[in-house]
Amino acid sequence: MGLGASGNDSVVTEFVLLGLTETPALKPILFVIFLFAYIATVGGNFSILAAILTEPKLHTPMYFFLGNLSLLDVGCISVTVPAMLRHFMSNHRSIPYRSCLSQLFFFHLLAGVDCFLLTVMAYDRYLAICQPLTYSARMSWGTQQALAGMSCAFSFTNALTQTVALSTLKFCGPNVINHFYCDLPQLFQLSCSSTQLNEQLLFVAAAFMGVAPLVLIAVSYAHVAAAVLRIRSAEGRKKAFSTCGSHLTVVGIFYGTGVFSYMRLGSVEASDKDKGIGILNTVISPMLNPVIYSLRNPDVQGALWRVLTGRQPPK
């Protein structure tokens, strides 16, 4: 059961992840599906990154942040899916306590940087469209590095805080997690000590890393929309909105799944809905991001064509 003795108490030394299904016939099918999703996500995001690095037209602040976002997507799916694939092919579904905490830390680290980078990208679009004359000065190479660095620092602080706070909880009873990766809501339900402080820390983190960035994104795009609507040319308005559409789509997917993941905090019963939202958050979203950013962007499409074929794109 993964219980170790500590005085008169039993202490959990490992957790059991139930995963997506317990039906043996479905496991090989799901293995193939998620293996394909993992390969597609890694390949797609590294292709975007290669296109950004090799195409001079894409050496701009927006694509610098997009390249970082691609790296985060690869990291995010790598935290959860390889372990899930291993569980599909084996009856061994346990995860050591420390490995569970490590998975939790890296997941929150990468997701947190994602939050801040999406906010920075909205600010970048605001400067480019509303303050074009001072854009180059305000979004210099040093500023880009500082914004990316601060995003990492804030997220690292939050991930470390959440992980250390969780490590103070006692786990002495059930050790079965009805999910395919370790996350805070499911672990709170298994704790045999009070999680009040942990839930308060998570609430503060959600406000600082979820609500505040979303408000800043909304304010940025409110200014962008007002500026674009003042453009007299229909073609000009279309071009300005097209540079923002991809980012808004990614923001909608990311924050939509994030809200549903944590709004059920405190619920005593985990359900398959949590797993579905987890798949959207950790698998579908990273896989779709390269498609969303390249779908209506001829510069990215041309650079990807050159990266994948070694030839100039057809006219």
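Is Leu288 buried, partly exposed or exposed, and what is its relative accessibility? Leu288 counts as partly exposed, because its relative accessibility is 33%, a value between the 20% limit for buried residues and the 50% limit for exposed ones. The structure discussed here is a predicted model. The protein comprises 315 residues, 46% of which are buried, and its secondary structure consists of 10 helices and 5 strands. Among contacts with a separation of 6 or more, 76% involve residues 24 or more positions apart.

**Salt bridges**

- The structure contains 3 salt bridges.
- One of them joins the side chains of Arg93 and Glu22, with an N to O distance of 3.8 Å. This pair connects distant parts of the chain, its members being 71 residues apart. Arg93 belongs to the loop between helix H2 (61-88) and strand E4 (94-96), whereas Glu22 belongs to the loop between strand E3 (14-17) and helix H1 (27-54).
- Arg93 is classed as partly exposed because its relative accessibility is 21%. Glu22 has a relative accessibility of 53% and is therefore classed as exposed.
- Glu55 and Arg306 form another salt bridge, in which the closest N and O atoms are 2.2 Å apart.
- Glu55 is buried, because its relative accessible area is 9%, which falls under the 20% limit. Arg306, at 26% relative accessibility, counts as partly exposed.
- Arg125 and Asp124 supply a further salt bridge between their side chains, at 2.8 Å from N to O. Both Arg125 and Asp124 are buried.

**Packing of H1 against H10**

- The packing of two helices is described by the angle between their axes and the distance between the axes.
- For H1 and H10 the angle is about 100°, and the axes are 9 Å apart. H1 is therefore roughly perpendicular to H10, since the angle lies in the range of 65 to 115 degrees.
- On the H1 side, the contact is made by Ser47, Ile48, Ala50, Ala51 and Thr54. On the H10 side, it is made by Val300, Ala303, Leu304, Val307 and Leu308.
- The residues of this contact comprise 8 nonpolar and 2 polar ones, with no charged residue.

**Annotated transmembrane regions**

- An unreviewed UniProt entry lists residues 29-53, 65-85, 105-123 and 201-229 under "transmembrane region".
- In the model, residues 29-53 are 100% helix and 0% strand, and the C-alpha atoms at the ends of this span lie 36 Å apart.
- Residues 201-229 are likewise 100% helix and 0% strand. The end C-alpha atoms of this span are 41 Å apart.

**Surroundings of Phe208**

- Phe208 is located in helix H7 (residues 196-229). Phe208 is partly exposed because its relative accessible area is 45%.
- When neighbours within four places in sequence are set aside, Phe208 is in contact with Phe116, Phe154 and Pro213.
- Phe208 and Asn158 are 50 residues apart along the chain, and their C-alpha atoms are separated by 9.7 Å.

- Leu288 is part of helix H9 (residues 272-295).
- Leu288 and Ile253 are 35 residues apart in sequence, with a C-alpha to C-alpha distance of 9.5 Å.

Methods: Residues are numbered from 1 along each chain as its sequence is written. This is a predicted model: local features need pLDDT of at least 70, side-chain atom pairs count only at pLDDT 80 or more; totals for chains, interfaces and linings use all residues. Side-chain values use heavy atoms; hydrogens and water are left out. A salt bridge is a side-chain nitrogen of Lys or Arg within 4 Å of a carboxyl oxygen of Asp or Glu. Helices (H or I, at least four residues) and strands (E, at least two) are DSSP runs, numbered from the N terminus. Buried means under 20% relative accessible area, exposed over 50%, partly exposed in between (1.4 Å probe, protein chains only). Axes are lines fitted to C-alpha atoms, for helices over the stretch in contact, and angles run from 0 to 180 degrees between N-to-C directions. Angles under 35 degrees count as roughly parallel, over 145 as roughly antiparallel, 65 to 115 as roughly perpendicular and the rest as oblique. Contact means heavy atoms within 4.5 Å. Ala, Val, Leu, Ile, Met, Phe, Trp, Tyr, Cys and Pro count as nonpolar, Asp, Glu, Lys and Arg as charged, and the others, Gly among them, as polar. UniProt positions are given in the numbering used here, feature names are shortened, and annotations may be inferred rather than shown by experiment.
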